[in-house]
Amino acid sequence: MSSVDQSDLAKVQGFYFSSGSSLRPAETKPQSGPSIWSAVPSGYWVLAVLLLIMPALVSDFTLFQIFGWTFILGMIALSLMFLGGYGGMVSLVQMSVAGMAGYMVAIFGPSAITDISLGWPWWLNIPLALIIAVIFGTLTGALAVRTEGIYTIMITLAIASAFFYFTRQNYTIFNGFSGFNGVLPPELFGVDWRQAKPFYYLTLFWATLSFLIVSYVSRSPFGLALQGVRDNSRRMSALGFSVNAHRIAAYAFASLIAGIGGILLTWQSAQISPGTAGQGPVIDILVIAVIGGLRKPIGPFIGAFIYVLLKTFAIDVLVSLGLSGDRFQLLVGMSFLLIVFFSPDGILGLWDKWRESRNRDPLTERSSGGLQ
Amino acid sequence: MSIAAVPATVAERLSNTGTANALELRGVSKYFGALGALVDISMTVQPGERRAVLGSNGAGKTTLFNCITGDFLPTSGSIRFFGEDISEFPAHERIRRGLRRTYQISLLFTELTVLDNVYLACCGVSRGRFSFLRPRKNDALVATSEDLVHVVHLEDVKDTKVSELSYGQQRQLEIAMALSGAPRFVLFDEPAAGLSPTERSELVEILTGLPEHMGYIIIEHDMDVALRVSEYVTMMHNGAIFKEGKPAEIEDDPEVQALYLGGDDGA
Amino acid sequence: MRRFIERHPVWSLIIFVALAFFIWMIFAVWPDWLKDLIGRKKVFLNALFNGVTLGALYFLVASGFTLIFGLMRNVNLAHGSLYMLGGYVGYMVASSTGYWLLAFPAAFIVVGAFGILLQLFVFRRMEGDDLRQTLVTIGISIVMADLMLWLWGGDFYNITPPEWLSGPVQTFFVTGVKRSTGALIYMKYPVVRLVILAAAIVIGLVMWVLLNRTQVGMLIRAGVDDRDMLSATGARIQLVFVGVFAFGAGLAGLAGVVGGTFQSIAPGEDIRFLLASLVVVIVGGMGSITGAALGAVIIGMAEQFGSVYFPTYAVVLTFLIMVLVLAFRPQGLMGRG
C-alpha cells in the first residue's frame, strides 16, 4: 500500500494532466533510443570484427597470455568500475571476490589436491562457487555502505587483506601457502578449453557479455538509481529510494562479474593460491581501472590491455632504459602516478580531451558536438 | 496547461484518510546541543490544505521540514502523517507514504538529463526501482515523466544535462521532482527564491493548479507569493510558532508587521 | 560515560564485571583451576605486556594516519611506506653514529620533511578531490616500496637498542609463588619495550594537550569538524595542513624506528603497518587521537593474545573485531555518530 504501482500511475498520468491527445505514449521518445546500428560508435564495430578474427592474426601465446589475461583482468576491473564509476564506491575487494570464486571452484570441483577437493561436476561447482563469491562480496558491501563513502577504500582493503591472510594460514579448507593446482576447466562439447584458441573465445565471450550487460544496466532504473545515489544520496532518500539497499545490490551485481573473472583466472593458470588475491594484485585492479578510466565500461579493458602489455614486455623496456628487470613495480607506479596527475579520468579522459580540442571552434573556444 | 480532476478510484485511494489529518506535529523539538532550532512545535494540517510557513531567517522553518521528512530525528515530540506515526521512520519510508519535498538549494542530479531526473523521481516510489531492464517503448513511468516535464514547462530542454540549465529551470525541475509519484502532501522550501517576476507568476500558476487532494506547506520569504498560494499561515519565530491565521489576517496583524519591519523582506 | 551507563545499564554491569575480573587476573596469584584452564600466568602476562607495547607502536603509526585523514580527508595509503622509510633511515643513522637515540629525531625530520614536500607539491593541487588524493598515495606507495627495495634489498634490518636499555627489568607483577620458599616470583620484562611504552604515552599526552588546550589545536579540531568553516575563518589553513601532514608523517617515521627496534624492517612491513593503521582507526574511530589509542591497545592485545592462544586464527581475531565494530558501530568506538 505504501508504493504506487505502474497501473495506477498510468491512470493518473492520463487524467492528472489534462492533455487532449498531444501527450499519448505513441509520441513518447522511447528510452531505448535510436536504432542499434547508429547508437554504437563505429569504433566499437571495427573492434568487434578485429577481436573475432584475432586468432588468424596472432600467435597462440598472444591469444592466451595477452588477450585472455586482458579479458579476465578487464572483467574484474569492470566490476570495480561499476561500483566506483556508477556507484561512487571505490571497492578494493573485487580481486578477493574473484579469488574466492576461484578457490571455491578448486575446492568443490576437481583439482590435484585430492584430500580437500570434492571433485563435484562443473554444473554443481561453478554455480556454487559464484553464489559463495556473491555472498562474500555482498556481505563486504553491507559492512562498507553504512559508513561514509571515503571509508569504503579502507574497509574493502582491510577485508581483502583479511582474505589473503586467512587463505594463507588456513590449511584445512584453503590449503594454505601452496593453494590448489591442477584446476582445469571441464571438457564441454569435447573441447579442451585451455587450448589457446578456445580459451581466447571463452574469455572474449564472457568479457563481451559482461561489458554489454554493464552498459545496458547503466541505463536501467537500477543503474540510473545507482548513479543518483552516487551524485546525491540525500536526494535519493527523499525520493523514496533506500540508498543502502541499492548500494548493497550493486555489490552483489559486481561480485557476480568478478566471480566469473576469478574462475577464468584460475583456469588460465590452472592454479590458485593466496598470492592470486594478494595485496599487490588487489591494488593492481584499482590501477587498471583508473588507468583505463572509470567513466565508461570500455575503460577497464583498455587499462587491462596496457597493464598486460607492460607486464609482458616491461623487462625489455626497463633493460633498454638501463634499469634492472626487477623494477617492474616502479614502472607501473610511475605510469599510474603520471596518469592520475595529468588525466584523472584515465586514458578515456585523455581521449575525450583530445576529441574536444579537435572540435573546438577557434573563435568561441567552445567545442561543438556533444560528448557521449 | 491545467491539471484536471483525478479519477475516483485513484483519488479515493490517494486521499482515503478517514478522518485523519494529513500532518500532525505534537510537541516537536529539535535541539543542536543547547541551541533550540525547534521548540515545542504543535500543528495540524488537513488533507488538501494549502499552508504557508513564514518567518525570518533562523526561525526554524527549514529545520521543521528536515524533521518532517526525516533528514534528522527530532529531539522530542511525535509526527503523524495521515494518521500514521512516522517519527522514527527513515526518510525513504516517509516518502513512500506519499510525502514529497523540494529544497532551498536544488538537489538535482547534475550529470543526468532533465528527463532522467524526473524518471528517477517517479521510480523512487514505484515497484520498478530495482529493475535491471530498460523501460520498453510504451513504459508508463517514462510517459509520466514526460508529462511532468511538460507541466513545469521544461519540455524543450528535457534531454539537456542539468548542469547546463539556467537557475530558474533548475528550480522548475525541483518542482517536477516533487510532483512525481502522485504525492499526497508536498513540502515546498522557498520555491520562489531567485526567480524573476515572470517565473514567479508561472510558479503561482503551477501551485494553484495542483490537484485538490494534494495538500502542501510552502516556506517562502516572498510574502506576495506565499499569501497568494495559501489558505492558512503559520508564522514562526526563534524556533516556535508565533501566530497562525488566514493570509489576510496575518498581513494586517500589527505584531507581524513589527517583526518584519526592518527585517529581511525576501529579496 | 555517565550517559552510557545510564542508557545501557546491563552492558555497563557486564563490562564492569569483566574488567574487574581482568584486573584481578593481572595482579593476583592464579589459583590452579585458572592455570589448568588457560595456562601459566607468565604466558598471559607476557602476552598482555606485548600487546600493550605493540599497541603503543600501533598508536604511533595510527595517530598520524588519523590526524591526516581527520583534518584533510586524505586517506594516506602511503602511510606504511612512510613508516618503513623512517625505519630504514633510523637504522642508517643508528648504525653509522652508534647512537640509538639519534635515530628518532633523524627519522622524524627526514620523513616529516618528505611529508612537507608531498603536501606542498602534490596534495595541495588536488584539494577537494579526495579520491584522486588517495589514488596518488597508492601510486606513491608503490614507487616508494620499489625504491626502498632497490636501495636496501630484501634483508631484515634490526635496530639494536643501546646497552643501558637492553635486557629485562623486574616488574612488580606477580607471576607465581616459589613452591619451596613461598616467596613471590615477579615477572621480568625487556626494558626497552617499557621505555617505548612510556614514550608513546608521553607523546600521546602531548598531542592531546596540543589538540585540546592550544589555539592551533582548536583550529585543527575545528577543521576536522568542518573544513569549509575553517577556511572561512581566514585561518592560514594551508600552513595548518602542511604542519599536520608533516607531523603525521614524522610520527610514522618515528614509529618506524620503534618497529625496527621491536621487530625488524623489511619489505612488506609497509603493507603490514598500513593495514594495522587502517584496522586501528576503523575500530577506534576516525579523526580521534583517543580513538587511535583505544583501537591500538585493543588490536595490539588481540594480535598478541591471538598468536599465543589461537595461533592458527590470530589474524581472524583481529579482523573479527573490526567486522563487529563495523556491524554495530560503523563510525568506530570513539567516532562521532
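This is a predicted model: local features need pLDDT of at least 70, side-chain atom pairs count only at pLDDT 80 or more; totals for chains, interfaces and linings use all residues.

Trainee: Which residues make the nonpolar surface patch, and what is its area?
Mentor: The patch covers about 1,100 Å² and is made by C:V10, C:W11, C:I14, C:I15, C:L19, C:I23, C:F27, C:V29, C:F172, C:L184 and C:Y186. Two elements of chain C, α2 (9–27) and β2 (184–190), each give two or more residues to this patch.

Trainee: And where is C:V29 found?
Mentor: C:V29 lies in a loop of chain C, the one between α2 and α3 (32–38).

Trainee: Switching topic, how many residues of chain A and chain C are in contact?
Mentor: On the chain A side there are 37 residues, and they are in contact with 41 residues of chain C. Together the two chains bury about 3,500 Å² between them, with 78% of that area on carbon and sulfur atoms.

Trainee: Which helices of chain A supply the side that touches chain C?
Mentor: At least two residues each come from α7 (151–169), α12 (279–292) and α14 (328–342) of chain A, and α7(A) gives the most, with 12 residues. Sorted by type, the residues on that side of chain A are 25 nonpolar, 8 polar and 4 charged.

Trainee: How many salt bridges and polar contacts are there between chain A and chain C?
Mentor: The count of salt bridges between chain A and chain C is 0, while 5 residue pairs are in polar contact there, both residues being at pLDDT 80 or more.

Trainee: What about salt bridges over all chains, how many does a search find?
Mentor: Searching the whole structure gives 18 salt bridges over all chains. One pair is A:D60 and A:K197, whose side chains meet at 3.4 Å, N to O.

Trainee: Where in chain A do A:D60 and A:K197 sit?
Mentor: A:D60 is in helix α4 (residues 60–86) and A:K197 is in helix α8 (residues 196–217), so the pair, 137 residues apart, links distant parts of the chain.

Methods:
Residues are numbered from 1 along each chain as its sequence is written. Chains are lettered from A and ligands numbered from 1 in the order in which they are written. Side-chain values use heavy atoms; hydrogens and water are left out. Contact means heavy atoms within 4.5 Å. Buried area is the accessible area (1.4 Å probe) that two parts lose on being put together, summed over both. A salt bridge is a side-chain nitrogen of Lys or Arg within 4 Å of a carboxyl oxygen of Asp or Glu. A polar contact is a pair of N or O atoms within 3.5 Å; within protein, one must be able to donate a hydrogen and the other to accept it, and residues adjacent in sequence count only if both atoms are side-chain atoms. Helices (H or I, at least four residues) and strands (E, at least two) are DSSP runs, numbered from the N terminus. Ala, Val, Leu, Ile, Met, Phe, Trp, Tyr, Cys and Pro count as nonpolar, Asp, Glu, Lys and Arg as charged, and the others, Gly among them, as polar. Patches are made of residues with over 30% relative accessible area and no salt bridge: like charges are joined within 9 Å, nonpolar side chains (Val, Leu, Ile, Met, Phe, Trp, Tyr) within 5 Å. Accessible areas come from the Shrake-Rupley method with a 1.4 Å probe; for residues, only the protein chains shown count as cover.
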